[in-house]
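Trainee: I have a model open and want to check the terms used for it. Can we go through them one by one?

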Amino acid sequence: MEMIEHALRENPLVTAFAFVGIVMWISVHLSRYLTFGRVHGSAIAIVIGLGLAYWGGIQTGGSKGLADLKIFTGIGLMGGAMMRDFAIVATAFEVHVDEAKKAGLVGVMALLLGTLIPFVVGASVAWSMGYTDAVAMTTIGAGAVTYIVGPVTGAAIGASSDLMALSIATGLIKAIMVMVFTPALARFMGLNNPRSAMVFGGLAGTVSGVSAGLAATDRRLVPYGALVATFHTGLGCLMGPSVLFLATKAIVG
Amino acid sequence: MIIYGTAILAACHLLGVYIGDLLGSLIGVKANVGGVGIAMMLLIAVRVYLHKRGLMPDTTEAGVGFWAAMYIPVVVAMAAQQNVVAALKGGPVALISALGAVTLCACVIALINRTGPKNQDSTWQVGTVADET
């Protein structure tokens, strides 16, 4: 037993490949026999992943979910920003250029709305719950854009660390909700072609939420959504500490 | 050779991220501005360019295709290392803000997609590695 654990710990990335393979296998079978194909296998796998992340977080008290467990450090590498972005870029190989071009303008519009709407919602909720100063409202509002925009904005305008934690939590919950609910809401949102995927990528924001949500809905839509969504964080970090903060300040004083 | 494909992919990735960083510092933001998106556009351009000249044999394509197909497993691994505990500890402000933002955005997405052009052709559905699933 100790020998097995040693082998797993010495080869973290290989362990992660094997482990995720098992999770995928279980998910595909659950999808086929439990839901008769109605719920996509990848959607089930992502929910299992989130569940394991919760379990890992409880076990270790760390911040990286399952990856904080010694034998699963490879999960951190496999699902980290580097591999995630590498795989996302690779999906661009399947983009049909004409489709992407056709939706370029609407994608940009979606990006702007995707920054503005979550910010206004987040800042308003913060205000209604007693966070009435401009710095707190902006930080929480920016967190509702993505969990990276939140702390970047907070740091730039001098928010306290508990505000930043709150703002990161807001962004994380949003990302998790997008991951879980996208497949269920796909029909309602009209997510069935490249144009709609680009609108979704701009409005739903957070690369992790969009990429996982689209993966669980229709694998072929991923590159279109990701192409737009990757500009989301940059735009948010640009607008958060500047335009949005000044506008909030002008309104609440 | 299969590594050519992976190397092209890696080069596009790195160049894209570099341009994203450059863009970020140019406009004074402490973040990468669209690096991955730029990398995707570079890869699309390279593919179109090489295809036209017939310099893209199947093995080279497989070097990219493998990573594109690994995408979902990578996303599952990503889900497994989210800070779910911290997210759930955020309390009502975080929960309500996130729920409100997601709900409103979903409605706006539905609105835009329903008013968009109909009769989309379905050529985008062919010729992808996703066919296997």
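Mentor: Start with the fold pattern. Chain A reads α-α-α-α-α-α-α-α-α-α-α-α-α along the sequence. Keep in mind that this is a predicted model.

Trainee: Which domains is chain A divided into?

Mentor: Domain 1 covers 2–79 and domain 2 covers 97–252. These bounds come from an automatic or database assignment. The C-alpha centres of the two domains are 27 Å apart.

Trainee: How do you know that domain 1 of chain A and domain 2 of chain A are in contact?

Mentor: Contact means heavy atoms within 4.5 Å. Six residues of domain 1 meet eight residues of domain 2 in chain A. Between them the domains bury about 490 Å², with 82% of it on carbon and sulfur atoms. On the domain 1 side, His40(A), Ile46(A) and Leu50(A) supply 71% of the buried area, more than any other three residues.

Trainee: What makes the salt bridge count between these two domains what it is?

Mentor: A salt bridge needs a Lys or Arg side-chain nitrogen within 4 Å of an Asp or Glu carboxyl oxygen. The side of domain 1 that touches domain 2 in chain A has four nonpolar, two polar and no charged residues. The salt bridge count between the domains is zero. Polar contacts between the domains, with both residues at pLDDT 80 or more, also come to zero.

Trainee: How many residues do chain A and chain B bring to their contact?

Mentor: Chain A brings 100 residues and chain B brings 79. The two chains bury about 7,900 Å² between them, 79% of it on carbon and sulfur atoms. Helix α10 (residues 161–189) gives the largest share of the chain A side, 14 residues.

Trainee: Which polar links cross the interface of chain A and chain B?

Mentor: Eight residue pairs are in polar contact, both at pLDDT 80 or more. Salt bridges between the chains number zero. The chain A side has twelve charged residues, along with 67 nonpolar and 21 polar ones.

Key
Residues numbered from 1 in each chain as written. Chains lettered and ligands numbered in written order. Predicted model: local features only at pLDDT ≥ 70, side-chain atom pairs only at ≥ 80, totals over all residues. Heavy atoms only, no water. Buried area = accessible area lost by both parts, 1.4 Å probe. Polar contact = N/O pair within 3.5 Å; in protein donor to acceptor, adjacent residues only side chain to side chain. Nonpolar A, V, L, I, M, F, W, Y, C, P; charged D, E, K, R; others polar. Helix = DSSP H or I, 4+ residues; strand = E, 2+ residues; numbered from the N terminus.
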